[in-house]
Amino acid sequence: MATASHRVTQTEATARPPQEAVVVRFAGDSGDGMQLTGGQFTLSTALAGNDLATFPDFPAEIRAPQGTTFGVSAFQINFGSCAIDTAGDQPDVLIAMNPAALKVNAKEVRDGGLLIVDEGEFTARNLAKAGYEQNPLEDGSLAKWQVVHFNISQLTLDAVKPFGLGNKEALRCKNMWTLGLALWMFDRDREPIVDWLKKKFAKAPELAEANIAALNAGHAYGETAEMGAPFKQHHIAAAPAEPGLYRTVTGAESLALGLVAGCQLAGLKMFFGSYPITPASPLLHHLARLKEFGITTFQAEDEIAAACAAIGASYAGQLGITSSSGPGIALKMEAVGLAIMTELPLVVVNSQRGGPSTGLPTKTEQSDLYQAVYGRNADSPVPVIAARSPADAFDCAIEACRIATRYMTPVILLTDGYIANAAEPWRVPDMSNYQPFPVSFFDTPPGEGEAVMPYSRNEDLARPWIRPGTPGLEHRIGGIEKAPGTGNIDYRPEVHQEMTNTRVGKVLGVANSIPDQEVCLGREEAELAVVGWGSTFGPIHQAVRRAIAKGQDVAHVHVRHIWPMPKNMSVLLKGFKHILVPEMNMGQLKTVLRDQFLVDAKSVTKVSGHPFRIAEIEAAIDAQLGIDSRARVEGTTFTTSAGENA
Amino acid sequence: MNEMTTITTAKDWASDQEVRWCPGCGDYAVLKAVQRTMPDLGVAREKTVFISGIGCSSRFPYYMACYGFHTIHGRAAAIATGAKLANPELDVWIITGDGDALSIGGNHTMHVLRRNLDCQILLFNNEIYGLTKGQYSPTSRVGTRSPSTPFGSVDRPVTPCAFALGSGARFIARGIDVHKNLPDVLKAAHAHRGASFVEIFQNCIVYNDDVFASFTEKQAAAEKQLWLEAGQKMLFAGGAKGIALDRERLALKVVPGDDPDVLIHDPTNRQLAAMLILMPTEAYPIALGVIYEDPRPTFESAVIEQNEAAASGKTPDLQALVAKGQTWMVEKEPHQI
């Protein structure tokens, strides 16, 4: 039966009024189905009209030894009646399915937060596996939180008894029992989950029924058990949102949709070459099911072949796209060089992860910016775009397709593991609002005695796209330096100089067709600009919002076009007194800003595999402005000047 | 492929680019053979693409007056795969060498053969790295002295056709750069639907001259060349000798040409193909011509068939796609922030 141990001060209890936003984390063994539970809770949250952001955090091992701390899988969701930009700094509620999950996650829960624990798993063996010498439910070590524990395992077994499942299978329904309880806590409708279970277990109706019974039992438990003050039902009102049709998307989903849309807007068929790698594979999985949009997906023998096949497809007149994560992108880069040299369109998607080498395959990082901007042999620039959120990935994918086809160039599109896996509500776009950018293949043969000119240039310095199969325009291309116009092999010094200038100039010219850099929060010429890129958007935006609320003169600038940068960037950055660049790497965008604009950009860096917390960026802002000069927040390094860590 | 006969001459297939191989290089002979063969194939120049990797032989596409793509080291097969999937109408030729196809690009060679992409793969085997000035290659014989192996190479060479057979190739043939039969081998390779693997023994006059002389020299040719023809007896030495099966040892043996056990060549016999490919060069002739041919559906046809089946009955509605899944309507803003 429930027990609740309190030692919570009034301040702690009211530190965060739960009716505005709540952060809930589900944590259990990697076999406990926590990602599934989180995903379904996310759906119910979205349907309730709350704004939300999620953070799935799972181990690299598929099935790590049961009960161990390194096998803990967690899913965090931040939802509320206000705009939500991050998955939340500290959970308000932790649901821990075993001792290891409690051990790994409890320390992150805010003081006074609620811990819901399955005491049925707190056996001597499991406690030992998690490294507990004593049972934390009994030794008072959890006193700063509100703890509710009951035997979820047994309650689940009781609930599914009528369905005659084996013990192991019956216990698999635990996550649905827990979900039922969570649905009760936040006053949610069970119907969509019931529908989903029926569909998921259509071929095994007894499993569907057992899971539904567990879900209902968890819900009923919340309703009937009297557990005292901390454990009560909350109703979170719908968040303000622009009117329209909404759905939730993960970054991988919206990226897939954006690439489909990009190819449709270009009027091209898509060729997607990829090789399985975490966390990029979901993109291949999504696209593999969309054949009716003229998509060919090709699982190549390796990363190199994936990129090369995409180049071959572009050569033949489709839009070649290849996707991977950092280590795979490294393998593709020689092929990207070929696409630069032969001036063929190619979209290269990098779902970044922690590195170098294998690094942290399931954890997020944004440390491949140097690789994208500089990571090839020779003078070989390519446009680089970075998505800031799951929903933003849709528009970035379209933009990548537009630039690749208009300028006949490879484009690198950066996303990361966090964006790929995280979900957020997305207002379904009206596709009629998107301007098509149809590609036209060159097919006019030269006049008598005139040469084919595959390397002639238009006003964008782009060369014509001539598909093999076009009569009268037979020509040869290749990775060797070539003469302007004809493309015939030509190594002469002046030719290499001219062609290099042209290739560099063409990519810089992309700046002519991208929008000016906007300040997304705060004012131009503020005292401090926090400049970010990619998935750090959420925490930066919230931190700047809080800073402005405190009366600080701070602005948020978020860069989508990493290379080339918008034309107004120099003037914009020079208008700010200070520039702070928080990144999940050791300072890569900072380097580019310093190099390109000669501004005194300073770094806030974090490479723990977890996104920034709002508080970490807030502290960095405070330190920069000389307020509460707490320069160091745990896990974050704040650099006050070049190369010198405070 | 274009089934209509297109009338061209060898000259129509020669580009205006100056050929830049060393004087006396075997590549000239192969280029001539290919240019001479193309008109007989009845294919259109605009639908023909030569895709190469890196190495001396990979300059080949520049000299053909059709479409051509000189790519990067070892990756021609991968690029050809994308091009053929994107436009199956293209007649794709892959030009590669022993280093390109079997060292840096070994993986792609294996997979293009396994998948059975419809293309012709001409592997110019000269048992040496020519373009980088003479280092030993994966087909160089043990003991090959080169700038990188001044005391002789110690690693054993790969047999290209055995590699192809092991990779699942459905067409395997051999030819010699200067031999009059090469156009016939090329025609057979082109006629085969699927990945046609052709090893061409090509003499590198600068770094590995006469490495194949033991069977290419005029005096040795009759005794050392076994030209295979489907349905015909496996005879050589002007018909004086033949190949038969040694049933005790499950191997091939050389017998007099009039021996009733002389085998009839059946290119669909995979076991026999393996034995022919691996005949030791000292005691046996070298098997040439079409050694193995047993067609299977091609990769691109299977991909296209599946794509069409998966798409059939579905309308590509982008607006419907982005609005898929569980959705909800926000009528008006619930409240202000």
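This is a predicted model: local features need pLDDT of at least 70, side-chain atom pairs count only at pLDDT 80 or more; totals for chains, interfaces and linings use all residues.
**Chain B as a whole**

- The C-alpha trace of chain B extends over about 95 × 45 × 45 Å along its principal axes.
- Chain B has 337 residues, of which 48% count as buried.
- When contacts in chain B between residues at least 6 apart in sequence are considered, 65% of them join residues that are at least 24 apart.

**The contact between chains A and B**

- Chain B contributes 54 residues to the contact and chain A contributes 62 residues.
- On the side of chain B that touches chain A, at least two residues each come from strand E2 (67-70), H2, helix H4 (106-115), helix H10 (299-311), helix H11 (318-322) and strand E14 (327-330) of chain B.
- H2(B) provides the largest share of that side of chain B, with 8 residues.
- Sorted by class, the side of chain B that touches chain A holds 28 nonpolar, 17 polar and 9 charged residues.
- One strand pairing across the two chains involves strand E7 (residues 244-250) of chain A and E14(B), which are antiparallel and joined by 4 bridges; within E14(B), Met329(B) is the residue opposite Leu245(A).

**Helix packing between the chains**

- Two packed helices are described by the angle between their axes and by the distance between those axes.
- For helix H12 (residues 303-315) of chain A and helix H2 (residues 76-86) of chain B, the angle is about 45° and the axes lie 6 Å apart.
- From H12(A), the residues Ile304(A), Ala305(A), Cys308(A), Ala309(A), Ala310(A), Ile311(A), Gly312(A), Ala313(A) and Tyr315(A) take part in the contact, and they meet Ala78(B), Ile79(B), Ala80(B), Thr81(B), Gly82(B), Ala83(B), Leu85(B) and Ala86(B) of H2(B).
- The contact of H12(A) with H2(B) is made up of 14 nonpolar and 3 polar residues, with no charged residues.

**A sheet with strands from both chains**

- An open sheet of 9 strands with mixed pairing runs in the order E15(A)-E2(B)-E1(B)-E3(B)-E4(B)-E8(B)-E7(B)-E13(B)-E9(B).
- Its edge strands, each of which pairs on one side only, are strand E15 (476-478) of chain A and strand E9 (225-228) of chain B.
- On average, and with direction ignored, neighbouring strands of this sheet are turned by 20° against each other.
- Within the sheet, strand E4 (residues 119-125) of chain B runs parallel to strand E8 (residues 195-201) of chain B, the two being joined by 7 bridges, and Gln120(B) has Ser196(B) in E8(B) as its bridge partner.

**Helix packing within chain B**

- Helix H5 (residues 160-167) of chain B crosses helix H9 (residues 270-277) of chain B at roughly 160°, and their axes come within 9 Å.
- Since angles over 145 degrees count as roughly antiparallel, H5(B) is roughly antiparallel to H9(B).
- The crossing of H5(B) and H9(B) is left-handed.
- Cys161(B), Ala162(B) and Leu165(B) of H5(B) meet Ala273(B), Ala274(B) and Ile277(B) of H9(B), a contact with 6 nonpolar residues and with no polar and no charged residues.

- Strand E1 (residues 21-29) of chain A is parallel to E4(A) and joined to it by 4 bridges, with Val24(A) opposite Val93(A).
- E4(A) is also joined by 4 bridges to strand E5 (residues 114-118) of chain A, again in parallel, and here Leu94(A) stands opposite Leu115(A).
- Glu209(A), which lies in helix H9 (residues 205-224) of chain A, is partly exposed because 16 other C-beta atoms lie within 10 Å.
- Between Glu209(A) and Val194(A), which are 15 residues apart in sequence, the C-alpha to C-alpha distance is 9.2 Å.

Notes: Residues are numbered from 1 along each chain as its sequence is written. Chains are lettered from A and ligands numbered from 1 in the order in which they are written. A residue is buried if 20 or more other C-beta atoms lie within 10 Å of its own, exposed if 12 or fewer, and partly exposed in between; C-beta atoms are placed from the backbone. Two residues are in contact if their C-beta atoms, placed from the backbone, lie within 7 Å. Axes are lines fitted to C-alpha atoms, for helices over the stretch in contact, and angles run from 0 to 180 degrees between N-to-C directions. Ala, Val, Leu, Ile, Met, Phe, Trp, Tyr, Cys and Pro count as nonpolar, Asp, Glu, Lys and Arg as charged, and the others, Gly among them, as polar. Two strands pair if DSSP finds at least two bridges between them. Angles under 35 degrees count as roughly parallel, over 145 as roughly antiparallel, 65 to 115 as roughly perpendicular and the rest as oblique. A crossing is left-handed if the near helix is turned anticlockwise from the far one by less than a right angle, and right-handed if clockwise.
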